[in-house]
Amino acid sequence: MSKLLSYSVEDGIAVLIIDNPPVNALSQPVRHAIQDAFQAAQTDDAVVGLVIACAGRTFSAGADIREFNAPVKGPSLPVLIDEIEASKKPVVVALHGTTLGGGFELAIGCHYRIADEGTRVGLPEVHLGLIPGAGGTQRLPRLIGAEAAIEAITTGRHIPAPEALELGALDEVVGSDVIASAISAARRLSSSNKVKRTCSREVDPESIPDGIFQKSKVALAKRRRGFNAPPAAVDAIEWACSTPSRDGLKRERELSSQLKASVQSKAQRHLFFAERLALKIPDIPKETVIRPVESVGVIGAGTMGAGIAVCLLNADLTVVLVETKQDALDQGIAQIAKSLGRDVDRGRVAPEVRDARLARLSNALDLRGLQTVDLVIEAVFESLPLKKQIFSDLGSICRESTILATNTSTLDINEIAALTNSPQRVVGMHFFSPANIMKLLEVVRCDETEKDVIATTMSLGRRIGKVPVLSGTGYGFIGNRMLEDYVRESQMLLLEGADPAQVDSPLESWGMAMGPCAVMDLAGQDVSFLTRDQNRKFLPADPRYCVPGDVMYAEGRFGQKTRKGFYQYPDGRTRQDDPDAITLMRSAADRIGIEKRASISQQEILDRCLYALINRGAQLLDDGIALRASDIDVVWSAGYGFPAYRGGPMFYADTIGLDMILKAFENFGSQFGNEYDYWTPAPLLVSLAQAGKTFANWDADRIGGV
Ligand code: 3H9
């Protein structure tokens with residue numbers, strides 16, 4: 001037998017234990033080993049039933065995603081599961097950990113499912129741009145009904161075992177020794193001669209209310225705008241309700257193969273691995289001992305500080321919140337309590353868990369309250385002198401091992417670090433607002449930051465549910481630096497005569513969560529102006545592209561908060577075109593001598609904004625601010641509403657072809673002039689395009705890409 005699977009027979013029951021760390025992915029050798037063992041059990045007359053389980057921390061996380069770029073080598077997972085389901089001897093599956101994708105499809109192809117209490121099951125394939133393709137869309141509705149299957153498959157959520165039992169996806173949940181329980185069940189089923197095959201069931205007609213499929217697709221068109229896999233999953237579930245299982249399984253396989261070959265799925269798979277690769281820092285060995293972090297000080301109880309505190313408390317850390325004034329502290333604490341309470345209202349968290357979390361929050365009106373914490377996150381407003389003062393004080397107040405992090409988004413962290421007695425323990429932790437919701441965390445490495453400080457901060461980021469990406473120091477780090485170029489083009493387009501809606505709409509139809517003008521209104525034109533104003537030395541000396549934002553600021557049109565900005569917001573949220581804003585921009589453009597163009601195509605709007613973004617990304621790679629192109633993709637998809645199904649800006653650039661982008665740069669340069677080097681391509685972009693290479697090649701050549 002293979003090392004990937006152990007096989008034993010215990011008193012008539014064959015026990016197959018898959019052992020393919022870390023997550024028991026069902027790679028081809030594993031499938032092969034299962035098939036061999038399964039056939040041995042079928043032909044052994046002494047065997048009356050089978051148990052399938054997994055070794056290690058989890059049952060299987062599904063198909064091996066790394067195999068998806070090559071043709072399938074048999075036995076394929078769908079075929080293997082069909083064989084198992086057809087077995088005359090009962091097959092019981094024993095689940096633990098996260099039983100996902102093909103792992104869960106294997107489970108629902110077996111005749112009886114037992115899970116230990118902590119198990120979570122799910123079909124998260126939509127997050128990879130796929131549908132469950134090994135029978136999941138046909139078998140799950142037969143077990144739990146169409147409506148519940150649509151919810152489970154289109155959200156891909158991990159369902160806790162007790163809920164899965166209630167839904168009908170599991171047969172039993174046990175408190176301990178799931179394999180022993182499975183062996184007993186197999187024996188029981190063999191003696192009663194009862195084998196229940198999921199595919200022989202009908203989907204409960206009561207679970208198929210009229211119009212459910214159409215309604216689900218309409219809802220998904222809003223909730224998962226642009227994603228192909230979720231509505232495709234609804235189609236496949238409909239087949240389960242309307243065709244015999246054999247036909248449904250065949251159609252599911254065809255659709256699954258089509259999706260697997262699609263750019264959307266490739267893009268989402270790219271991001272899956274990119275997120276995990278981002279945690280690996282080439283010069284920081286994975287054996288690096290990380291510093292223990294149990295208590296964290298948060299300085300500043302404003303929206304950002306309170307949001308950060310919520311993330312920390314949710315991860316069961318102890319938090320000391322520091323402010324200078326009692327009422328600011330009280331407001332921050334109230335905001336934290338409200339946010340934790342919302343999870344209780346939504347049924348996500350039990351009231352006693354919320355209470356325990358709140359009990360781990362303490363506060364202080366003085367930095368001396370941070371004497372014993374393991375890590376400090378400073379989240380006060382962006383003022384270099386203030387931050388310098390805080391860090392210089394922290395150096396003497398905190399223990400020597402305490403990591404000192406700043407949440408600055410624009411300031412030079414090296415300057416801040418220099419003021420502490422040990423700059424080696426200073427790091428940037430750039431959260432995005434609202435901090436308890438946004439996934440991205442840029443971890444900023446300063447000149448002297450110690451390796452274990454980086455490793456600890458990245459690990460803490462993961463622990464609090466963030467997607468950490470390492471950035472070097474430099475204005476705007478990775479995300480905001482690139483944003484500058486993207487927004488610049490959007491603002492130039494406004495001056496050339498495009499309305500805000502004309503700029504935003506092609507980018508939103510293309511997949512951006514929000515167009516750049518709407519984003520500026522949401523973030524606040526006042527905030528953008530003040531940031532710009534403080535940082536003019538880092539921006540091009542171009543008198544033009546900041547004009548639209550500066551005009552909005554001067555007119556008190558701060559965006560949503562004042563109900564007027566590039567758009568108007570009569571109800572404070574819903575945007576509408578605003579002729580006054582358009583007139584203001586037109587006169588500003590006239591003042592600086594920019595003529596209104598007769599028309600601007602949607603394609604030009606897309607290309608100018610996105611190519612400017614990509615070019616800055618290439619420059620950041622050249623400058624060593626970003627380690628990998630795939631890190632940039634993670635930053636933009638986790639933090640800036642870049643559509644996951646396009647894989648991030650650098651992946652998108654590869655799909656277009658870098659030579660095409662280079663050509664567009666030449667055209668834009670000759671059409672719009674290049675006084676400020678906007679259309680000078682980054683040297684990396686040029687060299688890759690000339691060599692016929694991609695950013696993915698660059699990653700792979702240097703440090704092993706995705
Ligand atoms: C599928 O099943 C298709 C079928 O429907 C149809 C087939 C015909 N394959 O996330 P972690 C690696 S599609 C290959 O850090 P955690 C991962 O890259 C699949 N590798 O751990 C990482 O490698 P490294 C549907 C995988 O504890 C290491 O394992 N299933 C796979 O934070 C540890 O991963 C899914 O979408 C895989 N399937 O989280 C589940 N899964 O150490 C995807 C993980 O080199 N997986 N790796 O960086 C997950 O959601 C999480 O990994 C899991 C564990 C929750 C399981």
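A residue is called buried when its relative accessible area is under 20%, exposed when it is over 50%, and partly exposed in between. The model to which these words are applied here is a predicted one.

Q: Which residues of helix 29 are buried, and what makes them lie on the same side of the helix?
A: In helix 29, which spans residues 695-703, the buried residues are Phe695, Trp698 and Asp699. They cover an arc of only 100 degrees around the axis, and therefore they are placed on the same side of helix 29. As a general point, an α-helix has 3.6 residues a turn, so residues three or four places apart point the same way.

Q: What do the buried residues of helix 29 pack against?
A: Contact means heavy atoms within 4.5 Å, and the partners of these buried residues are helix 24 (602-622), helix 25 (629-639), helix 26 (649-656), helix 27 (658-672) and helix 28 (683-690).

Q: Why is Val218 called exposed?
A: The cut-off for exposed is over 50%, and Val218 counts as exposed because its relative accessibility is 52%. Val218 belongs to helix 8, which covers residues 212-223.

Q: Why is Ser207 called buried, and where does it lie?
A: Ser207 is found in the loop between helix 7 and helix 8. Buried requires a value under 20%, so Ser207, at 10% relative accessibility, counts as buried.

Q: How do you know that the side chain of Ser207 makes polar contacts?
A: The pair of N or O atoms must lie within 3.5 Å. The side chain of Ser207 reaches the backbone nitrogen of Ala146 at 2.8 Å, and a polar atom of that side chain lies 2.7 Å from the backbone oxygen of Asp204. Leaving aside residues up to four places away in sequence, Ser207 touches Gly145, Ala146 and Glu147.

Q: What joins the side chains of Asn436 and Ser339?
A: They are joined by a polar contact of 3.2 Å, a value to be set against the limit of 3.5 Å. With residues up to four places away in sequence left out, Asn436 touches Gly307, Val310, Cys311, Ser339 and Lys466. Asn436 and Ala306 are 130 residues apart in sequence, yet their C-alpha atoms are 8.6 Å apart in space.

Q: What makes strand 1 and strand 9 edge strands?
A: Six strands form an open sheet in the order 1-2-3-4-6-9, with mixed pairing. Strand 1 (5-10) and strand 9 (172-174) each have a single partner strand, so one side of each is left without a neighbour in the sheet. On average, neighbouring strands of this sheet are turned by 20 degrees against each other, direction ignored.

Q: How do you know that strand 2 and strand 3 pair?
A: Pairing asks for at least two bridges, and six bridges join strand 2 (residues 13-18) to strand 3 (residues 49-54), the two running parallel. Within this pair, Ile13 stands opposite Gly49 of strand 3.

Q: Which strands pair with strand 13, and which way do its side chains point?
A: Four bridges join strand 10 (residues 295-299) to strand 13, and four bridges join strand 13 to strand 14 (residues 403-406), where at least two are needed. Strand 13 runs parallel to strand 10 and parallel to strand 14. Leu375 and Ile377 point one way from strand 13, Val376 and Glu378 point the other way, and all are buried. In a regular strand the side chains alternate between the two faces of the sheet.

Q: How many residues surround the ligand, and which are the closest?
A: The ligand is surrounded by 26 residues, and the closest are Arg57, Glu105, Glu125, Arg276 and Lys280. A polar side-chain atom of Glu125 is 2.6 Å from an oxygen atom of the ligand, and for Arg276 a polar side-chain atom likewise lies 2.6 Å from a ligand oxygen atom.

Definitions and conventions. Residues numbered from 1 in each chain as written. Predicted model: local features only at pLDDT ≥ 70, side-chain atom pairs only at ≥ 80, totals over all residues. Heavy atoms only, no water. Buried < 20%, exposed > 50% of the residue type's maximum accessible area, 1.4 Å probe, protein only. Arc of directions from axis to C-beta. Axes fitted to C-alpha atoms, helices over the stretch in contact; angles between N-to-C directions. Near = heavy atom within 4 Å. Polar contact = N/O pair within 3.5 Å; in protein donor to acceptor, adjacent residues only side chain to side chain.
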